[in-house]
Amino acid sequence: MPNRSFFWFFLPAGLAMILFIGLPIISTGVQSFYAQHDQILVEVKKCDPFGCKVSVVVDQEATSKVRDEKPLGKFNGFGTYIDRNHLAVDQVSEFWDESKSIGDFINKVGNLPFYKALVFTLTYCVFVTPCVLLLGFIIALSLNAISRKIRGPLIFGTILPMIVTPLVGSLVLFWMIDAEGIIGANLQMLMNDPYLSLKSSKTLMWITIIIYGIWHHSPFAFVVFYAALQTVPQEPLEASIIDGASRFQRVKHIVLPHIYPVVTFVALISLMDNFRVFEPIIGFSAEGSAQSLSWLIYDNLVNEEVILFGSAAATSIMTIVGISIILAPVLIRTWREFKTNR
Amino acid sequence: MDYGLDKKSNSLKTSNTIFIVIWLLIACFPFIWTFWGSFKVRADFFSRADWWYAITAFNTFIETGAKFTTEAYSGAWFEGEFWKASRNTVIVTISVVSISLFLGTLGAYALSRSTKNYAFWLLIIALIFRAMPHITLVSGYLFPFFQLQIWGILPTTIVVLVAINQPFTLWLLYSFFKTVPKELDESALIDGCSYFQTFRHIIMPVMWPGVITAGLFSLMLAYNDFTVTALLLNQENHTMVPKIQSYLGTNQHEGNLMWAVSSVVSATAPLFILVMFFQRQIISGLTAGAIKG
């Protein structure tokens, strides 16, 4: 296709992506270097019969004037990145000096908001991704062994957790696991602990969100693996049966190598999706015990008093850096393939 | 697997069946339970005393005189103005699907027919854009949108969702157009058609299977979105998903929880029906990237 026609065909889609994905990323970058204005304080002398008092109050008029003049805020450079709510450079070095052991240090750093969120996000990724791959693969294998006639409805049931939005999915589970729901109440009875509740225990909350993640993402892995299983050639399988290979050996030596590229694809996609975990935290009302990077951004953006654009933008940029690190291997691989093909 | 030679032992068959049944229970039971519970009063579905009430409808019978009640639905839809939210969802979904398919088919067709290097790079950029967490994009939108005073209205959200959706649509339709033989449009070009005429008369009639799949995914994205709609729309224009969240947050102890339950069911039901009819397309769409890539 000549460049001219390509340009006109691609223009609308390209324009939409530049305007609403490219520019926002740049806008986030710019915002992250600014911080909201401080309130302008004035000293007011108040006199009453008992004497005069000098008090400091916020000059609303001057404050809003400054805010209107420079809505972006004041230039802060990398200030937002290294403040207490983000990388907390000062605090970390302080902790490093005063901590007696590494464990103590890690413990203290883990309580800083950004690191806390980072630890949760990474824990979530590390536990959910492999479990999703494994469960998805097992479901695919076992559904594949079931008679073709009833597979349709079974597949429908299997993909339900995936098609609902994470907020709805987590709510549906939360209502069951809650102390007043069916599973929660029975657990209380089983454990003989009437005060057993999700909200009170950080570990339980984390486990619940991770289980939710596995429940929500496994169907995707299943669908892809199931489709890949349909393309496994039959001849080598039959040959291996004649040679006396066990079922496990067949899966290990023939099926897995065949679908290996698909496994890396699924691993990558679910890693990227897991890294942005956010809605389940709202669905499970888990803000108290589990915070992810995306949740931190959301929290800054729905701030009641002043929206913390700068703070949200700084966390966003660091999230984007995280995503790029995850994405880098694929990009490098694609680039190599492209070069060899040329 | 249907190996022909492979004779499965009975014990293996049984354990396989048991596994599938357990998995399906885990996958589907939460939805069935919520659907069932949405016809009860709060004291039954969230029972402090005994969860068995949810099944026997003990309190529902006392409060309403029947075993099932649609109180939660009428409350959410009329008092809670869920009808407004669902109207907004319909507007957003239809607009997003039609606009993003229009842009996507043109763009993906061009990408699939170009042999230049830049086409490859555009696809890679689309892949990177696809990986961006939506919340980071939203944090980029909010400030400029406030300044331009286009925050809070439906058109802005529609355009944003179209853009966010574009990378995935492009990839999906790109891999679909690759399967349409090139000879088809080449012969039309030789006969003197322009590229646009070729697209209009040769490609459009054969592109519908791919378009339906891509449309379904745009639909699910627009319908299910929480991050963008919750932060870019004002209270009045909220779509279903942020509306459900608003029932949770504000009045958790004033009986609005049942509104959330019934609106969750109302929002999920159309989606399930849709998937029931278009299961094949959804699965082919999910696997298109994986098997070929």
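## Two domains in chain B

In this predicted model, the centres of domain 1 and domain 2 of chain B lie 37 Å apart, taken over C-alpha atoms. Domain 1 of chain B covers residues 32–69, and domain 2 covers 78–292. The two domains do touch. Eight residues of domain 1 of chain B are in contact with seven residues of domain 2 of chain B.

Which elements give two or more residues to the domain 1 side of this contact? They are helix H1 (10–37) and helix H2 (42–45) of chain B. H1(B) gives the most, with three residues. By class, the domain 1 side has four nonpolar residues, three polar residues and one charged residue.

## Helix H7 of chain B

Helix H7 of chain B runs over residues 117–131 and has 15 residues. From its first C-alpha to its last, H7(B) reaches 22 Å. That is close to the 21 Å expected at 1.5 Å a residue.

Which residues of H7(B) are buried? They are Leu122(B), Ala126(B), Phe129(B) and Ala131(B).

## Chain A as a whole

Chain A has 15 helices and four strands. Its C-alpha atoms fill a box of roughly 105 × 75 × 45 Å, taken along the principal axes. The radius of gyration of chain A is 27 Å. A compact globule of 342 residues would have a value near 20 Å.

How much of chain A is buried? Buried residues make up 37% of the 342 residues.

Chain A is divided into three parts: domain 1 (39–74), domain 2 (75–104) and domain 3 (112–341). The centres of domain 1 and domain 2 of chain A are separated by 32 Å, again taken over C-alpha atoms.

## A hairpin in chain A

Strand S2 of chain A spans residues 41–48. Strand S3 of chain A spans residues 51–58. S2(A) and S3(A) form a hairpin, with two residues between them. The pairing is antiparallel and runs over eight bridges.

Is S3(A) well covered or hardly covered? S3(A) is hardly covered: the count of buried residues among its eight residues is zero.

## Where the chains meet

The contact between the chains takes 81 residues from chain A and 80 residues from chain B. Which element gives the most to the chain A side? Helix H1 of chain A, residues 3–31, gives 17 residues. By class, the side of chain A that touches chain B has 60 nonpolar, 17 polar and four charged residues.

Tyr195(B) sits in helix H11 of chain B, residues 195–206. Leaving out residues up to four places away in sequence, Tyr195(B) touches Met1(A) and Ser5(A). Is Tyr195(B) buried or exposed? Tyr195(B) counts as buried because it has 21 C-beta neighbours inside 10 Å, and the cut-off is 20 or more. Within chain B, Tyr195(B) and Asp185(B) are 10 residues apart in sequence. In space, they are 8.5 Å apart, C-alpha to C-alpha.

## Two residues with positive phi

Ser285(A) has a positive phi of about 45°, although it is not a glycine. Where is Ser285(A)? Ser285(A) lies in the loop between helix H13 (279–283) and helix H14 (293–301) of chain A. With 18 other C-beta atoms within 10 Å, Ser285(A) is partly exposed.

Glu81(B) also has a positive phi, of about 60°, and is not a glycine. Glu81(B) is found in the loop between helix H5 (71–79) and helix H6 (82–113) of chain B. How many other C-beta atoms lie within 10 Å of Glu81(B)? There are 15, so Glu81(B) is partly exposed.

How values were computed
Residues numbered from 1 in each chain as written. Chains lettered and ligands numbered in written order. Predicted model: local features only at pLDDT ≥ 70, side-chain atom pairs only at ≥ 80, totals over all residues. Nonpolar A, V, L, I, M, F, W, Y, C, P; charged D, E, K, R; others polar. Expected span 1.5 Å × (residues − 1). Buried ≥ 20, exposed ≤ 12 C-beta atoms within 10 Å, placed from the backbone. Domains from an automatic or database assignment. Pairing = 2+ DSSP bridges. Rg over C-alpha atoms; globule rule 2.2 N^0.38 Å.
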